[in-house]
Amino acid sequence: MVVSLACVCLVVVVVVVVGGDPCLIISEINADNPRLDTTEFVELYHTSGQRASLDGYTLVFYNGNGNVAYKVLDLKGHSTDDRGFFLVGSVDMLPKPAILLPPNTVQNGPDAIVLYHTSAFRYGEKMNVTAMGLVDAVVYMTRRTGGAEFLAETLTPGEPAFVEDETALEGDESIERCLLSEDRWGFQVSSPSPGQRNNCTPPAAPATSPVITELKLGGGQVDGFVELTEAPAAGPLVLVVLDGRTDRVSVSVDVNVDTARNGLISVTIEKSYMKGDESGAVAVYSGRASDFPVGSPLSQIQPLDAFVFAGPGNKPSANLSETLIPGREPYQLSNSLREGGFYLSRCGVATWARDPGVFWEAPQTPAQPNQCPWPKICPHNNAIPGGTDSPSHLPPWGSSDFLINELNTDTPGAAEDGEYIELWHPSGRRVSLQGIWILLFSAHNNRPYREIAMSGHFTTSKGYFLLGSDRLVPAPSIRLPPNTIQNGPDAVALYRSPFGQPSATQRGIPTKGLLDAVVYRQRGSDREAQELSKALTPGQLPLLEDPEVLPGDEALSRCRGLYPYDLSAFSVAPPTPLRENICPRPPPAPEGVVISEVASGHWTNHSQQRSFVELHGPPMTDLRGLVLTVFDQEYSGTVIALPLTGSVDQDGFYIVGNVTGADQTFLEGSAVPVRGAVVLCYDLFSVCRAGTALTNSSLRDVLVFSENQQLLSSLSTTRGRQVIPAARSVEDGPVSLSRCSCCEVRSPSSWTSSSPTPHGTNLCPSSAFSSHIDLCLGPLSSDWQQQSADCSGLIQGKKVAEVADYLEQRCHCGISALYLQGANFSCVSGWLRVWGNIQALSDHQKALIIQTSHVKPSPAQGDVCSAPTTDRYTSTASALGLQIGLIVAVLLLLGLGAALFTYFYRRRRPLDYYTMELNEHAEGLTDL
């Protein structure tokens with residue numbers, strides 16, 4: 001009979017102190033009721049189980065659509081009830097909440113509910129999501145909505161949003177917080193229990209694998225006791241008790257399935273074993289007791305379930321722990337040995353197996369549901385008040401997953417106590433290792449000699465995770481006995497296997513779920529690892545960790561790329577556990593290699609639009625040492641960092657991307673973005689990948705197709721030094737940015753939009769498609785206006801590009817400085833005349849240019865002549881002649897005015913040139 005653990009581990013109210021200081025947590029959320037949302041609620045719980053003041057706390061509700069607050073509740077003046085519970089909810093629900101909400105207030109997701117506590121920050125509706133002062137948070141969504149990634153990255157870094165399955169239960173359901181293992185909490189869907197204990201139930205036990213549900217450590221005075229679930233499909237079972245000091249079998253007992261009651265099997269162990277004041281272990285295997293005779297050493301066969309315990313001051317060996325419960329800690333028994341022994345029950349709801357952390361002290365209940373306590377500890381993954389570490393500027397890296405980053409299998413000396421395996425997640429931030437496994441393979445039998453489950457662990461805030469020897473500094477998260485990692489020929493393989501051991505579901509060397517692998521060897525042993533290489537890293541020779549390369553210790557470090565199963569990415573380098581790898585300097589930079597053509601798959605909707613980067617240089621040039629880095633404006637950082645491995649072909653081309661005949665391809669899920677930059681970098685891979693400290697010597701070539709000032713600044717360039725692709729330049733076809741001049745590397749004047757020509761000569765403006773223009777332009781910028789009447793500077797340097805940009809703003813057809821090579825410029829009184837031939841790529845682009853040059857600007861522009869003319873400001877000489885003509889006309893008018901004045905003057909006075917008195921002449925003139 002198969003019985004679900006859901007009926008085995010029902011809980012009752014038994015409150016005990018598990019450890020740690022009490023705190024306030026979000027315990028339960030009901031955001032979506034059947035039909036009308038009239039019984040929504042949020043339940044807070046103080047882990048002391050007693051009344052506690054809520055002064056200083058704020059509860060904030062965030063909308064995942066926009067990531068802004070839609071409800072803010074100040075909890076000042078409130079307190080929990082006498083059992084530690086506090087309810088916020090709908091007016092119609094029972095028990096009555098302390099703070100009432102109108103119906104349909106709590107949104108269904110993707111959303112978040114956050115508990116804050118700080119006096120240094122004020123919270124209000126419409127504010128953006130923040131981790132400042134964060135105490136606890138729940139980010140949730142439904143299978144239909146999704147879209148809570150940003151909230152999760154900000155509020156619960158490393159943990160995805162909880163997906164509420166609306167079909168999990170009949171009727172109403174809520175999201176309830178339950179203890180997973182030790183001090184780690186999680187969420188599950190269960191029946192609502194406002195103001196009461198959550199209905200935390202462990203996962204159902206599979207029919208193929210028994211699970212230990214209860215133990216009694218006898219203390220030497222009473223018999224021990226082990227209870228486990230039935231597993232009809234598992235075959236015969238044996239229960240083995242091991243001595244924690246010698247790692248040898250103390251006793252083995254065949255499991256009698258006929259004694260099962262309610263789906264549970266009880267096994268009694270003689271009181272001389274399983275003592276509560278000593279260390280030891282209990283393990284369940286497939287087989288018979290005769291397979292595990294008393295006194296035999298610890299078997300390397302993986303158990304179906306196991307429990308390892310440590311007596312006061314009596315720790316079990318590392319070999320025992322890492323063999324039976326890899327990656328977990330033994331259960332530490334208390335110092336006071338109780339009469340009658342210790343009673344332990346499976347109460348944690350963790351989905352992973354062989355974890356003593358899911359057991360708590362609780363009353364013994366043979367053949368009955370476990371009576372689990374309500375823990376009084378705070379969530380291990382609570383954010384620190386005041387905020388969390390800001391993530392590094394690294395992208396999601398497409399579909400990339402965990403990678404093996406560094407491996408040290410052979411350390412100096414006989415102790416071998418410096419071995420380690422370092423993992424890294426390309427997001428560069430804290431990430432859960434749920435469902436991740438590491439398998440250590442031996443080339444002698446092509447089978448794993450150790451399988452280590454990583455579930456329940458997290459990377460560091462920079463994405464690193466370390467497992468290694470007991471004495472390693474810094475301390476690893478998972479400790480291994482000395483000399484565990486074999487020296488080779490062997491392999492380390494990384495898997496994502498959420499449903500159990502990779503070797504249990506696949507025959508031979510597992511390949512399903514494989515994330516990364518490293519096959520390594522000693523000198524002269526590469527042939528012995530052929531089967532491992534064929535399965536894990538096909539087509540590649542095993543790596544050699546050469547002890548003669550460096551003085552002292554050395555490691556195999558990832559230095560040249562982020563491809564999984566790529567052994568060429570590793571170099572022998574100094575060990576750097578939990579730090580950036582120290583890689584060898586690249587060879588001298590190849591000269592003459594430039595970016596020749598770039599295309600994004602998002603620039604047009606054409607079926608042939610592909611993402612690629614074309615390099616051009618001297619034929620057969622070795623590209624080692626160069627890194628092609630692609631920046632995305634949206635992420636403000638790198639999305640591709642690809643060490644170049646080959647050579648320029650005999651025609652001078654090298655293609656990277658998703659096109660036919662590419663020399664290298666982009667990582668799966670990565671491509672050239674809509675707006676960003678492509679950089680040809682010469683430096684350490686880690687420096688080029690980071691993209692934040694690049695120097696002029698590192699930047700061998702740059703193409704920026706973005707107006708983002710932060711991106712421009714980070715690449716040592718300025719606004720106006722970018723090229724934006726123009727889809728109109730090509731008639732109904734894919735578009736690329738092509739280099740058309742060898743004049744200046746990193747010059748935007750060298751680029752134009754055109755049809756893609758990977759592995760071929762770029763399409764550039766040609767005089768064959770030229771047209772005649774004659775334009776008179778007013779000042780294009782404030783910089784021009786400051787030149788007053790002198791615009792002669794416009795006809796040199798980047799001002800030609802400024803004129804081209806002005807024309808492009810009207811045309812949007814790809815005009816750049818290249819197109820104006822056949823044009824003439826002249827300047828009169830601050831106005832610029834452009835006339836002559838302007839080149840084009842095709843008849844299509846030529847028609848667009850002619851259409852633009854004949855469009856009359858609006859009066860509001862006032863910066864262009866009313867229409868193209870041939871007689872207005874026709875040349876510098878004609879303009880000077882016009883000025884001279886105006887001066888002559890003025891002089892003639894002045895002469896004519898003087899003659900008229902003289903004429904009238906003589907008519908009004910007598911011809912008396914001898915009289916000197918003016919008044920007398922005046923009177924004489926009047927008499928006349």
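1. The model is a predicted one. The other cysteine of this pair, Cys-372, is at 1% relative accessibility, so Cys-372 counts as buried too.

2. Cys-347 and Cys-372 form a disulfide, with 2.0 Å between their sulfur atoms. The disulfide is left-handed because the torsion about its S-S bond is about -90°. Cys-347 sits in the loop between strands S20 (342-346) and S21 (359-361), and Cys-372 in the loop between S21 and strand S22 (403-408), so the bond ties together parts 25 residues apart in sequence.

3. The count of disulfides in the model comes to four. One of the others joins Cys-178 to Cys-200, with the sulfur atoms 1.9 Å apart. This link is left-handed, at -90° about the S-S bond. Cys-178 belongs to strand S10 (residues 174-181), while Cys-200 is in the loop between strand S11 (184-190) and strand S12 (212-217); the two cysteines are 22 residues apart, and the pair links distant parts of the chain. Cys-178 and Cys-200 are both buried.

4. A further disulfide joins Cys-740 to Cys-764, with an S to S distance of 2.1 Å. The link of Cys-740 and Cys-764 is left-handed as well, with -95° about the S-S bond. Cys-740 is in the loop between strand S40 (736-739) and strand S41 (751-754), and Cys-764 is in the loop between S41 and strand S42 (766-777), 24 residues apart.

5. Leu-891 is placed in helix H10 (residues 876-907). At 55% relative accessibility Leu-891 counts as exposed, because the cut-off for exposed is over 50%.

6. Some totals for the protein follow. The secondary structure comprises eleven helices and 44 strands. There are 928 residues, of which 53% count as buried. Of the contacts between residues at least 6 apart in sequence, 66% join residues at least 24 apart. The protein exposes about 41600 Å², and 53% of that area is supplied by carbon and sulfur atoms.

Key:
Residues are numbered from 1 along each chain as its sequence is written. This is a predicted model: local features need pLDDT of at least 70, side-chain atom pairs count only at pLDDT 80 or more; totals for chains, interfaces and linings use all residues. Side-chain values use heavy atoms; hydrogens and water are left out. Helices (H or I, at least four residues) and strands (E, at least two) are DSSP runs, numbered from the N terminus. Buried means under 20% relative accessible area, exposed over 50%, partly exposed in between (1.4 Å probe, protein chains only). Contact means heavy atoms within 4.5 Å. Accessible areas come from the Shrake-Rupley method with a 1.4 Å probe; for residues, only the protein chains shown count as cover. A disulfide is a pair of cysteine sulfur atoms within 2.5 Å.
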